[in-house]
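Please keep the sequence and the structure in view while reading.

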Amino acid sequence: MAQYPKLEVLMKMKEIGLIPVFYNSDFEIAKNVVTACADGGAKCIEFTNRGDRAINIFTQLAEYRDIERPDIILGVGSVCDAPTAAMYIAAGADFIVGPLLDEDTAVLCNSR
């Protein structure tokens, strides 16, 4: 479940003015990227849904965020459909980004 309400996420995005976007299939590397970004002040981070089993890495990142770094706003990008968005929201995504506007995805994200 998301850690931050959607309006708080939007305000933080505007305040920071920078959203690092990345993907790595190795959890330790991904964790280090997220930590370095947050330590540098970019606490709103987008993990892209690009590789095989990206959801597994994201789930681990969300668990790390929940336990170790609750100051991080963690989202996911490259989401093209509502079922994928639902999967990431259930895994703890604070926001969803897509390369296209899909009505079902928009409705799902807005309702959650």
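The model is a predicted one. The protein contains five helices and four strands, and its elements follow the order α-β-α-β-α-β-α-β-α from the N terminus on. The four strands form an open sheet with parallel pairing, while helix H4 packs with helix H5 and also meets helix H3.

**Overall dimensions**

- The C-alpha trace spans about 35 × 30 × 25 Å along the principal axes of the protein.
- The radius of gyration is 13 Å, which agrees with the value near 13 Å that a compact globule of 112 residues would have.

**The sheet**

- The strand order in the open sheet is S1-S2-S3-S4, and the pairing is parallel.
- Strand S1 (21-22) and strand S4 (95-96) stand at the edges; each has a single partner strand, so one side of each lacks a neighbour in the sheet.
- Strand S3 (residues 73-77) runs parallel to S4 and is joined to S4 by two bridges.
- Gly75 has Phe95 in S4 as its bridge partner.

**Packing of H4 with H5**

- Helix H4 (residues 82-91) and helix H5 (residues 103-111) pack at an angle of about 25 degrees, and their axes are 8 Å apart.
- Because this angle falls under 35 degrees, H4 and H5 count as roughly parallel to each other.
- The crossing in which H4 passes H5 is right-handed.
- H4 contributes Ala82, Ala85, Ala86 and Ile89 to the contact, and H5 contributes Asp104, Thr105, Leu108 and Cys109.
- By class, this contact of H4 with H5 comprises six nonpolar residues, one polar residue and one charged residue.

**Packing of H3 with H4**

- The axes of helix H3 (residues 54-68) and H4 cross at roughly 25 degrees and come within 9 Å.
- H3 and H4 are therefore roughly parallel to each other.
- On the H3 side, Ala54, Ile55, Phe58, Thr59 and Ala62 take part, and they meet Met87, Tyr88 and Ala91 of H4.
- The contact of H3 with H4 is made up of seven nonpolar residues and one polar residue, with no charged residue.

How values were computed:
Residues numbered from 1 in each chain as written. Predicted model: local features only at pLDDT ≥ 70, side-chain atom pairs only at ≥ 80, totals over all residues. Heavy atoms only, no water. Axes fitted to C-alpha atoms, helices over the stretch in contact; angles between N-to-C directions. Parallel < 35°, antiparallel > 145°, perpendicular 65-115°, else oblique. Left-handed = near helix turned anticlockwise from the far one by under 90°. Contact = heavy atoms within 4.5 Å. Nonpolar A, V, L, I, M, F, W, Y, C, P; charged D, E, K, R; others polar. Pairing = 2+ DSSP bridges. Rg over C-alpha atoms; globule rule 2.2 N^0.38 Å.
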